[in-house]
Amino acid sequence: MTQPAASLAIHSLEELLGVTLFERSPRGFVATPYARVILQRGNRAFSLLTEAMSVACGEGAEASLIARKLLGMTTAQLIAISALQCARNFNAAAAELAMQPQSLRRTLIALEGWLGFPILKSDDTGFILTPKGQQVGQLISRAVAEIKSVRTEIREMDSKIDGTVVIGSVRAAASHLIPEVILRLNQQYPCGRFNVIRESYDVMMEGLEAARLDYVCTTLRPKLSPGLTGQVLATSQLRVLCSANHPLAGKEVNITDLIDYPWVGPTGETEAAMTFRQLFEQQGLTPPEFAIETFATEWTQDLVMRSNYLLLCRTTPFSGEIPPLGMVYLKGIVIGDPHPIWLIHRKDFRPTHFQTTFENILNSVCNASPVLLTG
């Protein structure tokens, strides 16, 4: 690149971000703190993009080929594969980018031709990424997230704290822990934004790897990939919730009393459902089936409150003994052992100030244990 071209690129970047990146001094041009932020994030992004191209080109590929493939991609192609990796649905990715699905497909087919291997395959939603396409897409998504964080960090340097935290969370954390953290953080930074996502464990972990999520709170003991790390925040306990007018409310209950009532609980393959079944099987009893199976039980609380349904739920130290209004926990019934709630994030995650403050408040609320788990 020639010096005039470099100067023009820097000037364009300064206009885009509204900051000065270099200042004149007796020693020549000196990088401002804004420039150092761009350099740090930019280096991380290019490192991830280079790794993505290394995966695309295959083991043993020469550095010159990897560099050529990287330089030949367009911004539109990078954003397109990142969007599909994160959305996991072709039409949703097109909508997020304000593109017609046909236009998104053309962009990705052009990328496919340039990389030299199939990145798309058809399914019921239109198209999804192939396994190798997912590997490349995950790395590109993380690079795109680094670039997006530049503007947030620059605004934070100007005391404009209005960032975003995206948390994947199980019900136990989402119902009691996360709202408390959000309330405290909002008091410090009222312009901050939060996106709390409830999905299956596998989907949330994929989102974390692709930088669609910043953190995941889960009650499953995670089997972490080498790129993730986690710590124990608190513990949760499976209990039974019912209407305050339920025939069992206020009574000392034993396991046989639970058989004759309809149940609301998680889907059968979850650890909570398996623990529930074991409680009955250990007593030589046939476990009752869940009349309603759902990952998100919040919508069933009104139904439970106005009926004889029993609801299997997790409680935390933050929920204590205070059930939702009009409901009670059954006495004498505790299901399984206390379960840790884990906070998981990427090892190479470089949080913004707003995200760091979120994590600090979360640890403060939980008085988090130093127990760590890494992949």
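Modeller: A helix here is a DSSP run of H or I with at least four residues, a strand is a run of E with at least two, and both are numbered from the N terminus. Please keep in mind that this is a predicted model.

Biologist: With that in hand, which helix gives the most to the lining of the second largest pocket?

Modeller: Helix 7 does, with 10 residues. The second largest pocket has a volume of about 780 Å³, and 36 residues line it, with A145, K148, S149, A211 and D214 the closest to its centre. Two or more lining residues are given by helix 2, helix 4, helix 7, strand 5 (164-169) and strand 6 (193-197).

Biologist: What makes up the lining of the second largest pocket by class?

Modeller: There are 12 nonpolar, nine polar and 15 charged residues in that lining. K148 and D214, two of the residues closest to the centre, count as charged because Lys and Asp belong to that class.

Biologist: How do you know which residues lie nearest the centre of the largest pocket, and how many line it?

Modeller: A residue counts as lining a pocket if it has an atom within 4 Å of one of the pocket's grid points. For the largest pocket that gives 31 residues, and L13, I38, G42, F46 and I147 lie nearest the centre. The volume of the largest pocket is about 1000 Å³, and helix 2 supplies the largest share of its lining, nine residues. By class, this lining has 24 nonpolar, three polar and four charged residues.

Biologist: Why are helix 2 and helix 7 called roughly antiparallel?

Modeller: Their axes come within 8 Å and cross at roughly 175°, and angles over 145 degrees count as roughly antiparallel. Helix 2 and helix 7 therefore run roughly antiparallel to each other. In their contact there are 19 nonpolar, two polar and seven charged residues.

Biologist: What makes helix 4 roughly perpendicular to helix 7?

Modeller: The axes of helix 4 and helix 7 cross at roughly 110° and come within 8 Å. Since the range for roughly perpendicular is 65 to 115 degrees, helix 4 is roughly perpendicular to helix 7. L78, I81, S82, Q85 and C86 in helix 4 meet residues of helix 7, among them G133, Q134, V136 and V144. The contact holds six nonpolar, seven polar and no charged residues.

Biologist: And why are helix 2 and helix 3 also described as roughly perpendicular?

Modeller: Helix 2 (residues 33-57) and helix 3 (residues 63-72) pack at an angle of about 115°, with their axes 9 Å apart, and the range for that word ends at 115 degrees. They are therefore called roughly perpendicular to each other. The contact joins F46, L49, T50, M53, S54 and C57 of helix 2 with L65, I66, K69 and L70 of helix 3.

Definitions and conventions:
Residues are numbered from 1 along each chain as its sequence is written. This is a predicted model: local features need pLDDT of at least 70, side-chain atom pairs count only at pLDDT 80 or more; totals for chains, interfaces and linings use all residues. Side-chain values use heavy atoms; hydrogens and water are left out. Axes are lines fitted to C-alpha atoms, for helices over the stretch in contact, and angles run from 0 to 180 degrees between N-to-C directions. Angles under 35 degrees count as roughly parallel, over 145 as roughly antiparallel, 65 to 115 as roughly perpendicular and the rest as oblique. Contact means heavy atoms within 4.5 Å. On a 1 Å grid over the protein atoms alone, a cavity is a set of points where a 1.4 Å probe fits but cannot get out, and a pocket is an open set with protein on both sides within 12 Å along at least five of seven lines; lining residues have an atom within 4 Å of a point. Grid points are joined across faces, edges and corners, and a volume is the space filled by probe spheres set on the points.
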